[in-house]
Amino acid sequence: MEEKTFTVTEITSYIGRKLKLDPNLKNILIKGELSNFKTYPSGHSYFTLKDENSQIPGVMFKGNKDRFLKFEPQDGMKVIIKGKIEVYARDGKYQLYATRITEDGLGDLHIAFEQLKKKLKREGLFDDAHKKKIPTYPKRIGVVTASTGAAIRDIITTIKRRYPICEILVFPTLVQGDQAAPQIVRQIQKAQNYAIDTLIVGRGGGSIEDLWAFNEEIVAREIYACKIPVISAVGHEIDFTISDFVADKRAPTPTAAAELAVPSLGEVKYKFDNLKGKLTKSITDKIGENRMILNHISQKPVLKNPEEIYEIKGMHLDNLVNRLNFTSKNIITQNKAKLFRLENAPILKNPNEIINRKAERYNRNVDKLEVLNPLLTLKRGYSIAKSKDKVITSVKDVESGDELDIELDDGTINTKVI
């Protein structure tokens, strides 16, 4: 009998059918360590699951990842994967098709919470520098929460009891489930179109799954970007969500959020009464102080006898007038004396006499200069010897070969020393 021969495709298909028919491989839980985890642009993630002795390739398609995976798997993470094992015909290998991935020993929601918390903290979304101040006396409060339930009732009751003059606008939204996060984002955006002083975002208590919408990244970023100061009020006092960290103020409960959002009208009235008393006392004290100052001023002599001001000023003016008259007369007298001396000066009475004296003095000085004139010496037969425009007064002033200029009365002779 001739043996049957199979093609590679046939044998691979055969093995694939066997694996698909095995009920133990259709819905299986496998634990191991992740490695080579990588997400491609298609959204599908590929990985290897291994233990000390073996490994198996795996894939998680985008649809399952978006629906069920709440955290970002990392290489080296111990996980439990739920899925099925089938043959990948192209490579002739079996692989794990994952539907859910959970960290071994720790819930995936907790992992996702910690991962997002670390990410947003690194980006600075939790920094106090970005926190807006909650207004002390708001006129209008906005509330983003479910339209029914204990949370909205507690908020409205508390605000009306504490501060009934404040208006409340409710922006109803789903607070749990897959559609809750997008609705919360839309209602926060909508609230910013109204003149709202403070916005409360939250819900009542529940499990971590129930509160998960307030751990979504889109909700956290919308709260952070909100232009209105936001109070986060999610769950009970022990519950913390990502929304609590990015909000401008965290309240442990919805009731506490209402108390943080508005003051107590009784306390406000007490403060106003206290301020009124302080203001009245301050005004009374100021009036008393000014009355004392007024009484003191009214006792001044100048107010009792204001004519004294003018009398004293008049005396001072008279004194200035007398001094001015005296000074003016003194100046006039001095100038008259100067004028008299000038009129009787000899130069004005006999100016020719002065001119003659000056002419005689001039002629005497000219005669003296004539006696000292060197040209007269040359006329008497003397000469002046110069070398390089310098008068020679000694034989030591010249050397052999020097040129000399001999100045006589009627000219100059050039010669050279031998």
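Trainee: How do H4 and H8 lie relative to each other, roughly parallel or roughly antiparallel?
Mentor: First, a caveat: this is a predicted model, where local features need pLDDT of at least 70, side-chain atom pairs count only at pLDDT 80 or more, and totals for chains, interfaces and linings use all residues. Helix H4 (residues 150-162) and helix H8 (residues 254-261) pack at about 30°, with their axes 8 Å apart; axes are lines fitted to C-alpha atoms, for helices over the stretch in contact, with angles from 0 to 180 degrees between N-to-C directions. Under 35 degrees counts as roughly parallel, over 145 as roughly antiparallel, 65 to 115 as roughly perpendicular and the rest as oblique. H4 and H8 are therefore roughly parallel.

Trainee: And which hand does the crossing of H4 and H8 have, left or right?
Mentor: Look at how the near helix is turned from the far one: anticlockwise by less than a right angle is left-handed, clockwise is right-handed. On that rule the crossing of H4 past H8 is right-handed.

Trainee: How many charged residues are in the contact of H4 with H8?
Mentor: H4 brings Ala151, Asp154, Ile155, Thr158, Ile159, Arg161 and Arg162, and H8 brings Pro254, Thr255, Ala258 and Glu259, where contact means heavy atoms within 4.5 Å. Ala, Val, Leu, Ile, Met, Phe, Trp, Tyr, Cys and Pro count as nonpolar, Asp, Glu, Lys and Arg as charged, and the others, Gly among them, as polar. That leaves five nonpolar and two polar residues, and the number of charged ones is four.

Trainee: What covers the buried residues of H8?
Mentor: Those residues are Pro254, Ala256, Ala257, Ala258 and Ala261; buried means under 20% relative accessible area, exposed over 50%, and partly exposed in between, with a 1.4 Å probe and protein chains only. Helices (H or I, at least four residues) and strands (E, at least two) are DSSP runs numbered from the N terminus. The cover includes strand E6 (140-145), H4, E8 and E9.

Trainee: Staying with E9, is Ser232 buried or exposed?
Mentor: Ser232 sits in strand E9 (residues 230-234). Leaving out residues up to four places away in sequence, Ser232 touches Val201, Thr241, Ser243, Asp244, Ala247, Lys249, Arg250 and Ala251. Its relative accessibility is 1%, so Ser232 counts as buried.

Trainee: Which residues of H6 meet H5?
Mentor: The axes of H5 (residues 180-191) and H6 (residues 217-225) come within 9 Å and cross at roughly 10°. That makes H5 roughly parallel to H6, and this crossing is left-handed. Ala181, Pro182, Ile184, Val185, Ile188 and Gln189 are the H5 side, and they meet Ile218, Val219, Glu222 and Ile223.

Trainee: How is the Phe37 and Phe47 pair arranged, stacked or edge-to-face?
Mentor: The structure holds six aromatic pairs; rings of Phe, Tyr and Trp (its six-membered ring) pair if their centres lie within 6.5 Å, and planes under 30 degrees apart count as stacked, over 60 as edge-to-face and the rest as tilted. Phe37 and Phe47 are 6.0 Å apart centre to centre, with 15° between the planes, which makes the pair stacked.

Trainee: How many residues apart in sequence are the parts tied together by Phe171 and Tyr194?
Mentor: Phe171 and Tyr194 pair edge-to-face, 5.6 Å centre to centre and 65° between the planes. Phe171 is buried at 4% relative accessibility, whereas Tyr194 is partly exposed at 39%. Phe171 lies in strand E7 (residues 167-172) and Tyr194 in the loop between H5 and strand E8 (198-203), so the separation is 23 residues.

Trainee: Is Asn36 buried or exposed?
Mentor: Residues are numbered from 1 along each chain as its sequence is written, and side-chain values use heavy atoms, with hydrogens and water left out. Asn36 is in strand E1, and its phi is near 55°, a positive value in a residue other than glycine. With a relative accessible area of 57%, Asn36 is exposed.
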